[in-house]
Amino acid sequence: MMEDQEEKGNAENGIGRQKQVKDEYLLQFLDSLDGYLTLLDSLSSTLSQGWLELASARHAMGASRINGALLDLKVHAAATSLKVSEQDVDSMESQPCFTLCKWASSDNGERSSGEEKSLSPQLRHRNNSQLSGIISSPVSFSHFFNFFLSCEEEKVSTRTGTPLILVDQQQRQKSLSVFGVLVSPKLRSAQLSFERALETLVEIANLHTTMLSMFEQVHKELENTNG
Amino acid sequence: MAGRAQIPTKSSALIAMIADEFGVVLLCWDTVTGFLLAGVGNVDLRRKTNYLIVDSKTTVKAIEDAFKEFTTKEDIAIVLISQYVANMIRFLVDSYNKPIPAILEIPSKDHPYDPAHDSVLSRVKNLFSAESVASGRR
């Protein structure tokens with residue numbers, strides 16, 4: 001009789017654990033679904049802002065300066081790319097994990113990560129020595145602008161103390177230069193908006209794979225329950 | 001381990017785009033132009049781009065061919081497709097089930113995002129509605 005009670009207790013514990021696992025899968029799935037919908041909503045807002053800024057830039061610069069005929073059809077590699085790694089979900093399953101590499105420099109023929117790189121003391125020193133040179137020479141306006149942007153980048157990262165993201169300003173400027181040397185500030189704002197949209201899209205992609213993975217698990221559990 | 005799906009890892013993969021830009025010239029190109037400004041544009045040695053701009057002259061066959069091409073290329077990790085364009089090739093999008101490249105349906109300027117048409121969300125909705133019918137019968 002004691003053995004029967006023990007067996008009954010073990011069976012109940014097993015059923016309880018199964019239910020716990022099912023609830024966990026369901027909760028993770030619903031959580032990822034909620035995150036997915038929230039991010040899509042955020043993406044819609046960011047894209048709307050980008051479209052508006054692009055329209056403003058077109059209004060300021062003229063339709064002839066911002067149109068499809070100017071798109072760069074020369075052979076070139078994408079400056080912004082993705083890194084795909086494998087993420088273990090459990091022993092039988094793995095899912096892809098996407099990481100955005102913005103403005104990866106391809107000057108040396110090799111692509112550097114362009115992400116989460118810290119500025120070395122050598123680079124800081126170079127920036128300081130360049131400052132006096134640029135102020136004394138009235139020529140290079142665009143160089144000064146690029147330098148100013150990179151200084152601002154350094155200031156922000158030093159202040160926050162977070163890992164520094166190395167953004168290739170020349171690549172960003174090159175992307176804008178398709179539409180001319182002097183472009184409207186709205187076009188630069190549009191560029192930043194679409195960069196933010198890209199970051200959101202990579203988050204969506206990661207949640208998308210998690211959601212699909214959890215969906216398969218829940219589907220399997222439901223089939224087992226019905227079967 | 002037996003039965004474990006292999007995920008191909010890539011250190012530098014591309015984002016492909018199929019975006020709709022219906023309407024007059026002033027309304028065209030915006031989504032693709034925006035993402036090209038963000039640096040995702042790629043033109044290979046054969047002068048083939050990683051994006052397709054869909055306009056009034058683009059046929060459904062051309063969209064299908066572009067979708068098949070982008071989803072079979074090894075160097076593409078994410079395919080962005082306007083939901084309006086995805087609706088034109090809905091059967092093809094819904095029957096796609098590989099983890100890479102990931103297919104993301106995005107809103108376009110003239111057609112806001114509708115969760116009811118999203119391929120993943122409609123699959124989820126079908127599952128739960130089938131389950132509630134089955135549990136009702138039980």
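Tutor: A salt bridge is a side-chain nitrogen of Lys or Arg within 4 Å of a carboxyl oxygen of Asp or Glu. This is a predicted model, in which local features need pLDDT of at least 70, side-chain atom pairs count only at pLDDT 80 or more, and totals for chains, interfaces and linings use all residues. Residues are numbered from 1 along each chain as its sequence is written, chains are lettered from A and ligands numbered from 1 in the order in which they are written, and side-chain values use heavy atoms, leaving out hydrogens and water.

Student: What makes B:Glu105 and B:Arg90 a salt bridge?

Tutor: The closest N and O atoms of B:Glu105 and B:Arg90 are 2.8 Å apart, which is within 4 Å, so the pair qualifies. This pair links distant parts of the chain, 15 residues apart: B:Glu105 is in strand S4 (residues 102–106) of chain B and B:Arg90 in helix H4 of chain B. Helices (H or I, at least four residues) and strands (E, at least two) are DSSP runs, numbered from the N terminus.

Student: How do you know whether B:Glu105 is buried or exposed?

Tutor: Buried means under 20% relative accessible area, exposed over 50%, and partly exposed in between (1.4 Å probe, protein chains only). B:Glu105 has 3% relative accessibility, so it counts as buried. B:Arg90, at 16%, also counts as buried.

Student: Why do B:Arg46 and B:Asp44 get their accessibility labels?

Tutor: B:Arg46 has a relative accessible area of 64%, so it is exposed. B:Asp44 is at 19%, so it counts as buried. The two form a salt bridge, with the closest N and O atoms 3.8 Å apart.

Student: How many salt bridges are there over all chains?

Tutor: The structure holds ten. In chain A, a network of salt bridges links A:Lys102, A:Arg172, A:Glu195 and A:Glu199.

Student: What makes helix H1 of chain B largely enclosed?

Tutor: Eight of the eight residues of H1 (residues 30–37) of chain B are buried, so the rest of the structure largely encloses this helix. Among them are B:Asp30, B:Phe35 and B:Leu37. B:Gly39 follows H1(B), and its phi is positive, near 95 degrees.
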